[in-house]
Amino acid sequence: MSDLENDDSVETYASVWDAIADTPAEAANLKLRSELMDQITAIIASHEWTRNEAAMRCGVTQPRMNDLLRGRISRFSLDALVNIAAALGMRVAVRLEAA
């Protein structure tokens with residue numbers, strides 16, 4: 001058994017976002033942005049659009065689309081991602097659950 005396995009100071013987290021966020025609110029925001037980015041990316045892939053075509057359909061520039069498709073989460077707010085989803089004809093729904 002390694003020292004890490006015996007170390008009581010090792011913390012575990014429910015998700016990577018919980019590990020890197022300073023607050024539960026920030027972790028929740030990161031989780032939502034990540035989920036939206038994943039779903040938008042899946043829609044683009046399912047249509048086999050080029051990055052340029054996807055950018056035009058989403059109402060963003062091609063460099064911005066590149067950021068989205070590369071998962072650069074820090075460059076997108078929830079508002080921006082909701083707007084992109086809406087441009088694709090998607091409706092974003094929110095469900096609250098007890099923590």
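These legends describe close-up views of a predicted model. Local features need pLDDT of at least 70 and side-chain atom pairs count only at pLDDT 80 or more, while totals for chains, interfaces and linings use all residues. Residues are numbered from 1 along each chain as its sequence is written, and side-chain values use heavy atoms, with hydrogens and water left out.

**View 1. The largest pocket.** The volume of the largest pocket is about 820 Å³. A pocket is an open set of points on a 1 Å grid over the protein atoms alone, where a 1.4 Å probe fits, with protein on both sides within 12 Å along at least five of seven lines; lining residues have an atom within 4 Å of a point. Grid points are joined across faces, edges and corners, and the volume is the space filled by probe spheres set on the points. Of its 24 lining residues, Lys31, Leu32, Glu35, Val94 and Arg95 are closest to the centre. Helix H3 (24–47) and helix H6 (78–87) are the elements that give two or more residues to this lining, and H3 has the largest share, ten residues. Helices are DSSP runs (H or I, at least four residues), numbered from the N terminus.

View 2. Buried means under 20% relative accessible area, exposed over 50%, and partly exposed in between (1.4 Å probe, protein chains only). After H5 comes Gly71, with a positive phi near 75°.

View 3. Asp67 counts as buried because its relative accessibility is 11%. Leaving aside residues up to four places away in sequence, Asp67 touches Met37, Arg72, Arg75 and Phe76. Contact means heavy atoms within 4.5 Å.

**View 4. The largest nonpolar core.** This core has 18 residues, and Ile40, Leu68 and Leu81 have the most contacts inside it. A nonpolar core is a set of buried Ala, Val, Leu, Ile, Met, Phe, Trp, Tyr and Cys residues joined through side-chain atoms within 4.5 Å. At least two residues of the core come from each of H3, H4, H5 and H6. Leu68 touches Met37, Ile40, Thr41, Phe76, Leu81 and Ile84, again not counting residues up to four places away in sequence.

View 5. Gln39 is partly exposed, with a relative accessible area of 44%. Its C-alpha atom is separated by 8.7 Å from that of Ala85, 46 residues apart along the chain.
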